[in-house]
Amino acid sequence: MSNRQTREQRLSALRQRSSTPVLIVGGGINGISTFRELALQGIPAILVEKGDWCQAASGALSRMIHGGLRYLETGEFTLVKESVTERDRLLKNASHYVFPLRTTVPIDNLAGGLINATRRFLRLSDKPARRGALLIKTGLSLYDIYTRQYGSMPKHQVRNEAATRDRWPGFAPWVKYSASYYDAWISAPERLGFELIDDAEKACPDALALNYLQLVSAEGETVVLQDALSGERFRLQPHVLVNAGGAWIDRLNQRLSSRDDLPKLIGGTKGSHLILDHPELLHMLDGEMVYFENQEGRVCIMFPWFGKVLVGSTDIRVDDPDAVVCEEDEKAYILDSLRFVFPQVEVPDSAIVYTFCGVRPLPASDAKLNGQISRNHSIVMLPPDVNRAWSTLCLVGGKWTTFRQFGEEAADRVLRLLGEKRQLSSGEVPIGGGRDFPQPSEQTPWLAQLAQRFTVPLPRVRQLAKRYGSRALPLLALIQQHGEQPLQHHAAYSDLELRYLIEHEQVCQLEDLLVRRTSLAICGELNAPLVQEIAQLMATRLGWSDTERAQQLQRGCDNLARLHGLTGLYPTVFQEETPHVSHQ
C-alpha cells in the first residue's frame, strides 16, 4: 500500500528543512490535490493539517461524484462541463472507490418552473420553484450532450405516471412523472484523500505531508508550526503559501497577517446527513438514488450505502465552523423531507445509526438563498506585504468532484510564482488502489488469480480488494507470510489488517482508524467492546501507556457521540471540557 515511514521520521525530515518552495496549509481534498499536482512536477512541497486528513468538509460530503445537473439552471455551463469530465476521470482513475449511480428524480407536473427557471437563468430571480417534466427533460438532454461528449454514461429516461408507479409504488401521490439518469458515488472519500498523499510522496520523495501539525503564527519571513501531539515547534520559511483551510481560510489569513483590511473570502454553509438502518427503504431504492426537491424546493438525496441508506442534506449558514454538529432539528428536517417523497416510510430514532456534517467552503456571497451561491472554485492571491515575505494563494470554494481540476489550477499558479513549468498532466493518472485495478467485467478472474497466488480464501481477497483496490496486494502478501486472526469483536477485520493501516497510513488517533481509514463508524458497525479492542491494538503498535490509551478512548468516544451520534461506546460519563482536535 505505501512505503512505511513513522511519524518521528517525518518530523525528523521536517527538522532538517528550514525553508520550502511551497507550504500548503489544510489537508482537505483541495490542499491534498494541490500537493499531489506539485509533487508530480517534482516540487518538494510541504503539506500540513492540524487534524487528520479529510477530517472536516472533505469527509462530510454527500458521497456523490456528480456532474452538477442543477448548475445548468444557473447558467454555469463551464462548471457542468468540468464536473462531468472530472466525474468520468474518477470513474476511470479511481474505479476501486468511484462507481456509476442510477439516479431518479420524482416530478409533480409537466410544465412547471419554466418561467421561473428562465428568470433564474437570467439572474432575474433566486426564488425556488418546482421543476416540471419538460424543464427537467430539457436539462437532462443538455446533460446527456456533455456526458456523451466527455464520458460514456447511458442516456436519461423520462417515465409517465404508470411507469413511475410501477417502478416506485412507494412514491407520494403528488409524483406524476419521474426521470432517471446516471451520475456516480464514492465509497471511501477519506481513503482516496490519503491515497493521493501517498501517491504524491512516492512521485517526489522530498515532498512531505504531516497531519496533526498546526500553523500557529507568522514572524517576519517564517511561519511557526506546532505538533498537536507533542507540542514541539518548527520554523519554516516558505516561498509560496497555499491557504487550503476551507471554512477556516479567513481565520488562517488573520493569523498570517496583522492587517485589518483583509477581504472576507468564505461564507460557509453547513450540510448534515444521516445514515439509516432501514431495510424497507433500502429495498424500495433497489440500488438507485432518489434526487428530489423537498417541500421548500431544496434539493435532497437518498441512496443505498453499504446495506444502509444515506439521506441528506441541510444548507445552513454558519459563523463558527468548529462548532458544527448535526442538530436535532436538522434530523427532523431531513426525515420530513424523506417522508415528503415516501409518506408511508416511518423512521424511528433507533434507525439513525450515524450522523455527520461539514461546512462547505463557499465564497462569501450576498445571495438570499444558499442554493444560489456558486459551487465553482477560485483562487485569490494575497501578495507579500511588510509583515509577510511570501505570496499567499487562497483556495476558495470547489466541490469534491472537481478536486483534480482545482488542484491543477492552483499548482499552475504556484509554478508560475516559482518560475517553473508543468511537466506532467494528472488527467489520466490512476489514483492509489485504482492503479492496475481491473474493470468490473475483468475482476472475477483477477480475484481468483490473487486467491491462488497468495493462498488466501477468495471471499477474503474480494473483501480486501473492495476496501483497498490494488493496494490490497502488499497486505495479501503479508497475510500469506504471517497469517492473520480476525478481531474478536468484528470478524470482517483482522489484527494484521488494522496493524498495517496503523503503521502505513499516518494513523495517530483512535478516530483516524475508526472514522477515516476504515468505514466502521459510518457503516454503524461500532460497539463498545470493538472500540476498546481496537484501542488496545493501537496502544500496542504506537506505544501508548495505559493512561494514554484511556485518554484516547475517552476523547474518541466523546467525539463519536458529539459529532456522529454514536453513544454508549465508553462507560465513562463524557465531560464537556474533553479536548478534541479540530480541522484547519
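Colleague: How many Å should the 16 residues of helix H11 span?

Modeller: At 1.5 Å a residue, the 16 residues of H11 (residues 403-418) should span 22 Å, and the end C-alpha atoms are 22 Å apart, which agrees. The expected span is 1.5 Å times one less than the number of residues. Helices (H or I, at least four residues) and strands (E, at least two) are DSSP runs, numbered from the N terminus. This is a predicted model, where local features need pLDDT of at least 70 and side-chain atom pairs pLDDT 80 or more, while totals for chains, interfaces and linings use all residues. Residues are numbered from 1 along each chain as its sequence is written, and side-chain values use heavy atoms, without hydrogens and water.

Colleague: Which residues of H11 are buried?

Modeller: An α-helix has 3.6 residues a turn, so residues three or four places apart point the same way. In H11 the buried residues include Phe403, Phe406, Ala410, Val414 and Leu415. Buried means under 20% relative accessible area, exposed over 50%, and partly exposed in between (1.4 Å probe, protein chains only). After H11 comes glycine 419, with a positive phi near 75°.

Colleague: Is histidine 564 buried or exposed?

Modeller: Histidine 564 counts as buried because its relative accessibility is 13%. This residue belongs to helix H18 (residues 546-564). Its side chain makes a polar contact of 3.2 Å with the side chain of tyrosine 354, and also reaches the backbone oxygen of threonine 355 at 2.8 Å. A polar contact is a pair of N or O atoms within 3.5 Å; within protein, one must be able to donate a hydrogen and the other to accept it, and residues adjacent in sequence count only if both atoms are side-chain atoms.

Colleague: And glutamate 296, is that buried or exposed?

Modeller: With 52% relative accessibility, glutamate 296 counts as exposed. Glutamate 296 sits in the loop between strand E12 (289-293) and strand E13 (299-305). Its side chain makes a polar contact with that of tyrosine 333 (3.1 Å). Serine 337 is 41 residues away along the chain, yet the C-alpha atoms of glutamate 296 and serine 337 are separated by 9.3 Å.

Colleague: What does the UniProt annotation covering residues 428-549 say?

Modeller: The unreviewed UniProt entry gives "domain: Alpha-glycerophosphate oxidase C-terminal" for residues 428-549. UniProt positions are given in the numbering used here, feature names are shortened, and annotations may be inferred rather than shown by experiment. Over residues 428-549 the chain is 61% helix and 6% strand, with end C-alpha atoms 43 Å apart.
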